[in-house]
Amino acid sequence: RDYLLSDSMEAVMSLSRKDLRKVWRFEFIGEAGIDAGGLAREWFELVTEEVFDPDMGLWQNSATNQMCMQINPASEISCPDDHLIYFRFIGRVMGKAMFDRQLVKGHMVKHMYKHILGWPIMFNDLKDIDEEYYNSLKGLKDLGADVEYVYMDFTATEETLGVKQTVDLVPGGADIDVTEENLPEYIEACLKYRMLGRYEAQVNELLLGFFDVIPEPLLTIFDFQELELLMCGLPEIEMEDWKKHTEYSGEYDRDGPNHDVCIWFWEVVSEYDQELKARLLQFVTGTSGVPAKGFGSLQGNDGNVRKFTIHGVSLETCVYPRSHTCFNRIDLPLYEEKEELEEKLKIAITMASTGFDIE
C-alpha cells in the first residue's frame with residue numbers, strides 16, 4: 001500500500017484499450033483477500049483520494065467551493081515526475097470507475113464535467129470558479145469607449161510560487177491594446193484562458209485517458225449534473241440536518257421555517273428521491289457533495305461557513321426559483337399555492353443543466 005499510486009499507474013498505463021474494458025482483479029501484496037468486489041471498491045477509493053489530495057500537487061481546491069477540485073495550473077512544478085502521465089492515468093481510472101459502476105472520491109468543478117461531455121463553456125461558468133474576476137470582466141462592458149483609458153492589452157498575469165509572468169492571450173497579445181471594438185474578443189480570450197488555456201495540456205491528457213475506456217459518443221445521453229452523480233454517487237442527505245442548518249432571509253426573514261412557503265418547500269423536497277435532492281444541492285451550491293461534518297460546515301466562495309439559505313423574493317422579481325452558488329442561496333418566490341412551488345422548483349432544478357435562462 002506504500003506504493004499504491006505508482007504501482008497502480010504503472011499497471012493501468014501498460015494496458016491496451018481492449019484490456020481497460022476487461023474485468024480487473026485486485027490484490028494487495030502481503031494481504032490475504034479474494035477480490036469479490038470489495039477490494040476493487042477500496043482500490044478506486046484509495047487511488048482517487050490520493051490523486052485528488054491537494055498535497056499531491058495535481059489538483060487544488062476551488063477558490064469558490066472547497067468541496068470541488070480544479071486542476072492545478074502549476075502541476076508541472078508541484079509534481080515534476082511526468083505530471084501529464086498522471087492526468088492520462090486519472091482519466092483512465094475515472095473512465096474505468098464509470099464503466100464498472102465504481103465511485104470516484106472527489107468532486108470536480110462544474111466546467112470539467114462539461115469538458116468531458118464536449119459541452120460549450122459559458123461566460124456564467126466563470127462565476128463558479130472566480131466571481132471577482134467574473135465581475136471585473138463584466139464591469140468592462142459598462143465602460144464603453146472609456147475602456148481604452150484602463151490601458152490593458154491581450155495578456156494575463158500568472159503567478160506561480162510567488163513568481164509572476166505575463167502570458168499572451170492571443171499571438172502577439174502584448175502589442176494589442178483593448179478597445180471598445182475588440183472588447184468582446186478580449187473577454188472571450190480571458191474566458192478561454194481561465195477555463196482551459198491555463199491547463200490545456202492536463203485537460204487533454206485527462207480526456208484522452210477517459211475516452212480510452214468510454215468512447216465520447218456514448219456520453220451524449222448525459223448532462224453534466226448526471227455525470228457528476230454517476231461518478232461520485234448520490235450523497236447521503238440527512239433532511240433534519242439540512243433543515244436545522246438552513247438560514248432564511250428576504251421575505252422569509254421574520255417567520256423563517258414557519259412561513260407557509262418554507263413549510264411547502266421542505267414538504268416538497270422531503271418527497272424527492274435521492275437524485276432530485278442531489279440535483280437541488282447542485283442547483284444551489286454548485287455540487288452534489290455534502291461536507292463530512294454535515295450542512296453546518298457548508299462553505300461559501302470566500303472559504304467561510306455559509307449555510308444553505310432560502311431567500312424570499314416577490315413573484316414580480318422572478319417567477320422561477322434562482323440560485324446563487326457562491327452564497328449557497330436559493331431565491332424562492334412567494335408562491336400562493338404549494339402545487340405552483342412544486343412545479344416551478346422542479347423545472348428550475350431540471351433545466352439548470354441546459355444552460356438556458358428559464359426566465
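Tutor: Partly exposed means a relative accessible area between the buried limit, under 20%, and the exposed limit, over 50%. Keep that in mind as we look at this predicted model.

Student: Happy to! Is Glu226 buried, partly exposed or exposed?

Tutor: Glu226 has a relative accessible area of 25%, so it counts as partly exposed. Arg279, at 6%, is buried.

Student: Which residue does Glu226 form a salt bridge with?

Tutor: First the general idea: side chains of opposite charge can pair when their charged atoms come close. Here, Glu226 forms a salt bridge with Arg279, and their closest N and O atoms are 3.5 Å apart. The pair links distant parts of the chain, with Glu226 in helix α11 and Arg279 in helix α14, 53 residues apart.

Student: How many salt bridges does the whole structure have?

Tutor: A search finds 19. One of them joins Glu205 to Arg88, with 3.5 Å between the closest N and O atoms. Glu205 lies in helix α10 and Arg88 in helix α5, so this pair ties together parts that are 117 residues apart in sequence. Through shared partners, salt bridges join Arg17, Arg88, Arg92, Glu205 and Asp212 into one network.

Student: And what is the distance between the closest N and O atoms of Arg198 and Glu158?

Tutor: They are 2.9 Å apart in that salt bridge. Arg198 sits in the loop between α9 and α10, while Glu158 is in strand β4, 40 residues apart. Arg198 is partly exposed at 22%, whereas Glu158 is buried at 12%.

Definitions and conventions:
Residues numbered from 1 in each chain as written. Predicted model: local features only at pLDDT ≥ 70, side-chain atom pairs only at ≥ 80, totals over all residues. Heavy atoms only, no water. Salt bridge = Lys/Arg side-chain N within 4 Å of Asp/Glu carboxyl O. Helix = DSSP H or I, 4+ residues; strand = E, 2+ residues; numbered from the N terminus. Buried < 20%, exposed > 50% of the residue type's maximum accessible area, 1.4 Å probe, protein only.
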